[in-house]
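These are my notebook entries on a single chain.

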Amino acid sequence: MLQTAEAPWSQAETQSAHALFRKAYERELDGLLATVQAQASQITMIEDLWKLHDFLSAKRHEIDGKYDDRQSVIIFVFAQLLKEGLVEAEELTFLAPDKQSKIKALARL
């Protein structure tokens with residue numbers, strides 16, 4: 001069971017959170033793949049290739065750091081995913097209302 005400083009997470013909330021994390025991760029990777037395919041089709045010089053490489057390296061670092069489901073940061077991760085449009089507010093209805101409110105408030109910052 002996940003726990004935050006506010007309230008413990010039920011087993012159902014934990015399972016649904018992990019499923020939503022996976023869904024958001026897949027959405028992000030699908031978007032990244034489309035972006036990379038578009039950029040790759042525009043490569044005409046070796047400098048373009050290195051720019052794509054640098055972009056991918058930065059994205060990998062960003063994505064690897066973002067999907068952190070540790071108890072201490074899970075609310076913040078969902079807020080970031082909501083802010084970035086990788087999760088919709090309606091998808092958070094599995095959470096208790098207080099957790100939903102906190103995520104929505106943090107996403108507005």
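The entries below record what I looked up, in order.

Entry 1, source. I note that this is a predicted model.

I looked up the secondary structure and found four helices and zero strands. Along the sequence, the pattern reads α-α-α-α. I then checked the radius of gyration: it is 17 Å, well over the 13 Å that the globule rule gives for 109 residues, so the chain is more spread out than a compact globule. Along the principal axes, the C-alpha atoms fill a box of roughly 55 × 25 × 25 Å.

I recorded an accessible surface of about 6900 Å² for the chain, with 57% of it belonging to carbon and sulfur atoms. I find that 32% of the 109 residues count as buried. For the 13 positive and 17 negative charges, I noted mean positions 4 Å apart.

Which residues have the most contacts inside the largest nonpolar core? I listed W9, I74, F78, L81, L92 and I103, in a core of 23 residues. At least two residues of this core come from each of α1 (11–40), α2 (46–66), α3 (74–83) and α4 (97–108). The most is given by α3, with seven residues.

I looked up the neighbours of F78, leaving aside residues up to four places away in sequence. F78 touches W9, A17, L20, F21, L92, F94 and I103.

Definitions and conventions
Residues are numbered from 1 along each chain as its sequence is written. This is a predicted model: local features need pLDDT of at least 70, side-chain atom pairs count only at pLDDT 80 or more; totals for chains, interfaces and linings use all residues. Side-chain values use heavy atoms; hydrogens and water are left out. The radius of gyration is taken over C-alpha atoms; the globule rule is 2.2 Å times the number of residues to the power 0.38. Buried means under 20% relative accessible area, exposed over 50%, partly exposed in between (1.4 Å probe, protein chains only). Accessible areas come from the Shrake-Rupley method with a 1.4 Å probe; for residues, only the protein chains shown count as cover. Lys and Arg count as positive and Asp and Glu as negative; His and the chain ends are not counted. The place of a charge is taken as NZ of Lys, CZ of Arg, CG of Asp or CD of Glu. A nonpolar core is a set of buried Ala, Val, Leu, Ile, Met, Phe, Trp, Tyr and Cys residues joined through side-chain atoms within 4.5 Å. Contact means heavy atoms within 4.5 Å.
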